[in-house]
Amino acid sequence: MARFTGFDEVFSALYVDFDNIYTRFLEADPEAARAFGSAPYRWVRWIENHALRILYGEGVRRRILKRTCYLNPQRYQEFRNPFIRSAFQVVDCPPLTSRGKTSTDIHLVMDCMDDLSHSTHFDEFIILSGDADFTPLLIRLQEHARRTLILSVGYSSPAYTAAASWRIREDWFLQQALKDERGDDDDNDLPVGVQTPRVAQTATRDVDEEDDPSPGNR
């Protein structure tokens, strides 16, 4: 892992399955869906600070060095420019079938596999999608000793969440990353008494499970 003066740095790559996250937010909270699509710089900044102290200990920062967004330009053209202005590479994934199936899945998987051998050693792969089809990808990334963070909105397959190192808690993302103008560091909101181990947990846990000191969550 790279070292800068006084910091341990976690190098991350971020992949956004826009259609999946946006449509699920749209069903649950249209205002949140609009914020997700129109102001990605806000929630990217929040992810850069999210759960670092829990996962890695004190004095660690996350650098998202690669940002890729996969979207259907026929439906979500209006959101391309906000992502481009937030330093994302936008991959257009138009429908390939009469049922509207796009190529997002295969593009995302191929990019992740390519990035395993990238000259920059990515410590984390952050995938914003609730698509259980990515379960084998998460397992393969784990086999290569890479941490995986996922954000899924609504129901998630137990196998999918179990295959990830960490699941970004949906309600925190909604309230802090999308709606809270203050923005950034969720570590300030952790309950008193939370342990912050130096080494990340190997099991997949939501933040609420990790933060709850009750015996049932140990």
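The following legends describe close-up views of a predicted model.

This is a predicted model in which local features need pLDDT of at least 70 and side-chain atom pairs count only at pLDDT 80 or more, while totals for chains, interfaces and linings use all residues. Residues are numbered from 1 along each chain as its sequence is written, and side-chain values use heavy atoms, with hydrogens and water left out.

**View 1. Arginine 62 in strand S3.**
Arginine 62 lies in strand S3 (residues 60–71); helices (H or I, at least four residues) and strands (E, at least two) are DSSP runs, numbered from the N terminus. With a relative accessibility of 4%, arginine 62 counts as buried; buried means under 20% relative accessible area, exposed over 50%, and partly exposed in between (1.4 Å probe, protein chains only). The arginine 62 side chain reaches two backbone oxygens, that of isoleucine 47 at 2.6 Å and that of histidine 50 at 3.0 Å. Residues up to four places away in sequence aside, arginine 62 touches several others, including Val10, Ser12, Tyr56, Glu124, Ile126 and Leu149 (contact means heavy atoms within 4.5 Å).

**View 2. Strand S5 and its pairing with S6.**
Five of the five residues of strand S5 are buried. Glu124, Ile126 and Leu128 point one way from S5, whereas Phe125 and Ile127 point the other way. S5 (residues 124–128) pairs with S6 in the parallel sense over five bridges; two strands pair if DSSP finds at least two bridges between them. Glutamate 124 has arginine 147 of S6 as its bridge partner, and leucine 128 stands opposite leucine 151 in S6.

Strand S6 (residues 147–151) is largely enclosed by the rest of the structure, because four of its five residues are buried. From S5 the chain reaches S6 through helix H8 (residues 135–143), in a right-handed β-α-β crossover. A crossover is right-handed if, with the strands pointing away from the viewer, the path from the first strand over the helix to the second runs clockwise. S6 also pairs in the parallel sense with strand S7 (residues 166–167), over two bridges, and leucine 149 stands opposite tryptophan 166 in S7. Together with helix H9 (residues 158–163), S6 and S7 form a right-handed β-α-β unit.

**View 3. The nonpolar cores.**
A nonpolar core is a set of buried Ala, Val, Leu, Ile, Met, Phe, Trp, Tyr and Cys residues joined through side-chain atoms within 4.5 Å. The largest nonpolar core has 41 residues, and Phe18, Phe25, Phe36, Trp43, Leu128 and Phe173 have the most contacts inside it. Helix H10 (residues 170–179) supplies the largest share of this core, five residues. Among the residues touched by tryptophan 43, beyond those up to four places away in sequence, are Leu14, Phe36, Phe83, Leu128 and Phe173. A second, separate core of 19 residues includes Cys93, Leu108, Leu116 and Leu138.

**View 4. Arginine 80 in helix H6.**
Arginine 80 belongs to helix H6 (residues 80–85) and is buried, with a relative accessible area of 17%. Neighbours within four places in sequence aside, arginine 80 is in contact with Leu71, Val90 and Asp92. Arginine 80 and valine 91 are 11 residues apart in sequence, with their C-alpha atoms 9.3 Å apart in space.

Conventions. Polar contact = N/O pair within 3.5 Å; in protein donor to acceptor, adjacent residues only side chain to side chain.
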